[in-house]
Amino acid sequence: MALTDPTGAATASSRRRALTRRRVRSVAGTVLSLALTLLGLLLVTFIIGRVMPIDPVLKVVGDRATQAQYDAAYVAMGLDKPLIVQFLSYVGDVLRGDFGRSISTGQPVAQDIARVFPATFELAALGTFIGVVIGVPLGVIAAARRGGVIDQVARVVALVGYSMPIFWLGLMGLLIFYGMLGWVGGPGRQGIIYDGMVPNVTGMILVDSLIAGDWGAFRDAFSHIILPASLLGYYSLAYISRMTRSFMLEQLSAEYITTARVKGLSERAVIWGHAFRNIAIPLVTVIALSFGSLLEGSVLTEIIFSWPGLGSYITRGLLSGDMNAVLGGTVVVGVCFVVLNLFSDILYRFLDPRST
């Protein structure tokens with residue numbers, strides 16, 4: 001008759017309970033951090049809306065309104081209440097997806113953002129894809145051949161990517177590839193022929209044209225997006241290649257890499273099978289942050305290429321004093337950053353069991 005070990009069973013049970021408690025604490029900490037970050041973001045945008053030298057009441061009633069009309073609007077907008085009450089009301093409105101009404105368009109800001117955000121998302125996603133496809137292999141090869149020609153090229157590419165003004169590159173790109181060579185489409189998302197011809201399903205013109213099976217519209221949309229996406233992709237790959245190279249150099253100098261080479265593994269297996277696999281986890285965070293930076297940093301690109309995205313919407317709102325549009329767009333960009341960080345953190349925990 002087999003005997004069971006009650007001590008071993010109790011030890012295993014206590015380990016499972018300890019692991020469960022650690023996971024619960026980790027999830028609770030992540031949720032708390034997320035909530036505090038969002039609250040801080042809303043506090044910052046609320047303060048910006050109050051310190052800007054723009055009178056929101058005048059933007060609504062106009063500068064020819066009487067004092068009685070001004071006072072009535074002032075009270076109706078809740079500006080007569082204490083700041084803490086205004087802030088709590090603002091937080092409640094944002095949580096319900098209510099950013100107010102845009103003075104410029106006359107539409108709810110949330111509706112405007114839902115219309116323009118897919119264009120920015122599509123542009124940033126393609127730019128990040130270009131940055132990852134080129135930047136990651138470039139960084140890996142540069143680290144594996146440190147001091148060689150490819151390493152020098154990678155360092156120059158990263159340096160130029162960080163130092164060149166994007167508005168200058170955009171203007172030069174339009175002049176050369178559109179004006180002189182005619183290789184790409186001009187400003188905007190589509191040519192006049194295809195404008196409004198593709199049914200709006202996702203708001204992303206490449207995806208919608210594929211859904212509609214309109215290959216002519218797809219080629220036209222691709223010819224318009226490829227140049228601004230390549231510019232954003234260049235900035236993305238400059239950052240991604242530099243970080244990939246740094247991560248790889250750290251791994252290639254580790255003892256386990258020397259051990260793998262002594263065992264007779266091929267250089268390809270050592271680099272891609274061992275070193276690169278270990279940098280995949282921090283690289284996820286780098287790519288997520290790069291994507292987030294393209295979402296909020298594509299303002300100049302969208303202006304140069306007349307791209308009807310979130311960056312252009314925020315800029316127009318700022319120039320016209322439409323603070324509801326500016327603050328609503330700023331909150332959306334901040335939420336995107338928070339969500340991307342949360343996603344990278346969850347993926348990090350999934351890829352690295354030691355983090356649980």
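This is a predicted model: local features need pLDDT of at least 70, side-chain atom pairs count only at pLDDT 80 or more; totals for chains, interfaces and linings use all residues.
## Overall build

The protein has 356 residues, and 38% of them count as buried. It holds 14 helices and 0 strands.

Contacts across the sequence matter for reading the fold. Take the contacts with a separation of 6 or more: 71% of them join residues 24 or more positions apart.

## Nonpolar cores

The largest nonpolar core has 42 residues. Tyr90, Ile113 and Leu310 have the most contacts inside it. Several helices give two or more residues to this core, including helix 1 (6–51), helix 4 (83–95), helix 5 and helix 8.

Setting aside residues up to four places away in sequence, Ile113 touches Phe99, Pro118, Leu310, Tyr313, Gly328, Gly329 and Val332. Another core lies apart from the largest one. This other core has 17 residues, among them Val140, Ala143, Val270 and Ala275.

## The second largest pocket

The second largest pocket holds about 320 Å³ of space. Its lining has 15 residues. Arg189, Asp195, Asn200, Gly203 and Ile205 lie nearest the centre of the pocket. Helix 5 and helix 8 (205–212) are the elements that give two or more residues to this lining. Helix 5 gives the most, with 3 residues.

By residue type, the lining divides into 7 nonpolar, 4 polar and 4 charged.

## Glu122

Glu122 is found in helix 5, which spans residues 109–144. Glu122 counts as buried because its relative accessibility is 6%, and the cut-off for buried is under 20%. The side chain of Glu122 makes a polar contact of 2.8 Å with the side chain of Arg189. Arg189 is also one of the residues nearest the centre of the second largest pocket.

Beyond its neighbours within four places in sequence, Glu122 is in contact with Arg189, Met204, Ile205, Leu206, Val207, Ile225 and Trp307. Of these, Ile205 is another residue listed nearest the centre of that pocket.

Conventions:
Residues are numbered from 1 along each chain as its sequence is written. Side-chain values use heavy atoms; hydrogens and water are left out. Helices (H or I, at least four residues) and strands (E, at least two) are DSSP runs, numbered from the N terminus. Buried means under 20% relative accessible area, exposed over 50%, partly exposed in between (1.4 Å probe, protein chains only). A polar contact is a pair of N or O atoms within 3.5 Å; within protein, one must be able to donate a hydrogen and the other to accept it, and residues adjacent in sequence count only if both atoms are side-chain atoms. Contact means heavy atoms within 4.5 Å. On a 1 Å grid over the protein atoms alone, a cavity is a set of points where a 1.4 Å probe fits but cannot get out, and a pocket is an open set with protein on both sides within 12 Å along at least five of seven lines; lining residues have an atom within 4 Å of a point. Grid points are joined across faces, edges and corners, and a volume is the space filled by probe spheres set on the points. Ala, Val, Leu, Ile, Met, Phe, Trp, Tyr, Cys and Pro count as nonpolar, Asp, Glu, Lys and Arg as charged, and the others, Gly among them, as polar. A nonpolar core is a set of buried Ala, Val, Leu, Ile, Met, Phe, Trp, Tyr and Cys residues joined through side-chain atoms within 4.5 Å.
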